[in-house]
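Hello,

Please find the structure below, followed by notes on what turned up in it.

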Amino acid sequence: MGESPKNPAIPPFSILARVLHSRSSGEFFVDGGSLVSGQIVSLAGTVAVPGGCSSKGNGACGSSGGASDMPAEIWEKVKNHPCYSEEAHHYFARMHVAVAPACNIQCNYCNRKYDCSNESRPGVVSEKLTPEQALHKVMAVAAKVPQLSVLGIAGPGDALANPHKTFRTFDLVAKALPHLKLCLSTNGLALAEHVETIKDYNVDHVTITISAVDPEIGQHIYPWIFHDHRRWTGLDAARILHERQMEGLERLVAAGILVKINSVLIPGVNDAHMAEINRVVKAKGAFLHNIMPLISDPAHGTHFGLSGQRGPTPIELAAVQDSVEGGAKLMRHCRQCRADAVGLLGEDLGAEFALDKIEDEPVFDPKVREIYMNVVEQERADRQDAEDQARRRSGGTGEPLLVAVATKGGGRINQHFGHAREFQLLEVDGQSVRFVGVRRADNYCKGGYGEEDSLEAIIKALTGVSAVLVARIGDCPRHTLAEAGITVVDDYAHDFIEASALAWWGRVMEKAGRISA
């Protein structure tokens, strides 16, 4: 009980075996070289099997849904989509192309920027693209990143305020790389009239941002919209937007397209309204609800940022998410990506694939992706087996504990504490491991030295956490964390996250004598 889970045995020596042998460290090497075009391409510091952590329970499908939790045809759509399945974001990368600069509404939380490399938030890109440039960039990423499974258009404006560019891009990419899933994000104002076209292009995932279902509240979020050849403001704008969003959602669901709803949580504006949003979108057939925090910084130049409207604390966000459990299924692993994001959720390789850095004729090799897909299937099975074994050894159920994990990919504990820019949070009770969110903080180690200010911020970010599971950590931060009441655990370095969390929980409960059969 409480013993360390062991990594699965390595199969006979082969190309696949070499890949499997290195996966626990988050690296892929084939025959002494790299899996990817003879060089190491960073997805999390190395070529990584994308990472995260799994959870159980139908209330958080976007954070846990698996083949046993949904109809086979739905699982087939989401199993490799890192945004629609938390399980998939262990393994697969997404890419956004910035072909849609125009927008038809103004949100008080948004300020689009077209040449910005130092902000990580929606609506921001480093360079705008034509559809042809987008195809060139997608080919380059696909050639170097076998984890790429999704091509999305999410701005920097609205995908459907730029329909020609959006659908031209989908047409080009679908012909060149038919294995990629296509998805788009929209505010919903122009959605209803494009549903048939969306279906014709085999776009089977659409995200709608809906932060109010009551125009009285919506008018404080959206100062104006442009609809039917004129600008609308105030309550009229909010009412029209709401009606159009609901019509678009209903049409998408009727067309068999999976819909994710993004809602920006704005304290004092719509926080008490979030349960009603969840209820309404569930009733209309939305697959997933992503309640995400307002990003409010005066430096970003948004109305809310400049007016002093604060975003929610991690505790406030979690409380609202918990309050709607049992309604529409929740996504808890969102990273609020840039409109030109590339790579795993939580990582961004966009700067490495700027147009001026891409070779003239990138070549996609489907054999490399086939090798990677084989690795994914083996890894999924091994991780589930390790979790099942750990659950049987845990000794029963008991008090749920919150644990943080430092990971750079692969669903494994494989990151040094000092290098972590975020920690994934799990709630563990001996029989289940539930993904509950992500806490971000600046990394502790910079230039080989620890930063005390960063450590203080990390401890604040880990409020409520009993332990942090890491691959390695220095003595100084270990002692400081202990003084703050956070246990550091490095006994499970490079082991699977869920199995390790269960093993750690069993060890703690056994020592305390609090396990119930």
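Axes here are lines fitted to C-alpha atoms, for helices over the stretch in contact, and angles run from 0 to 180 degrees between N-to-C directions. Helices (H or I, at least four residues) and strands (E, at least two) are DSSP runs, numbered from the N terminus. The model is predicted, so local features need pLDDT of at least 70 and side-chain atom pairs count only at pLDDT 80 or more, while totals for chains, interfaces and linings use all residues. Residues are numbered from 1 along each chain as its sequence is written, and side-chain values use heavy atoms, with hydrogens and water left out.

Helix pair. The axes of α13 (residues 452-461) and α14 (residues 475-483) lie 11 Å apart, and the two helices pack at an angle of about 40°. That makes α13 oblique to α14 (under 35 degrees is roughly parallel, over 145 roughly antiparallel, 65 to 115 roughly perpendicular, the rest oblique). Contact (heavy atoms within 4.5 Å) is made by E452, L455 and I459 of α13 with C476, P477, T480 and L481 of α14.

Helix α12. This helix (residues 366-393) has 28 residues and spans 41 Å from first C-alpha to last, close to the 40 Å expected at 1.5 Å a residue (1.5 Å times one less than the number of residues). Just after α12, G395 has a positive phi of about 95°.

Loops. The peptide bond from G155 to P156 is cis, with omega near 15°; P156 sits in the loop between β5 (148-153) and α5 (163-176). N202 is not a glycine, yet its phi is positive, about 60°. N202 lies in the loop between α6 (195-200) and β7 (205-209).

Regards
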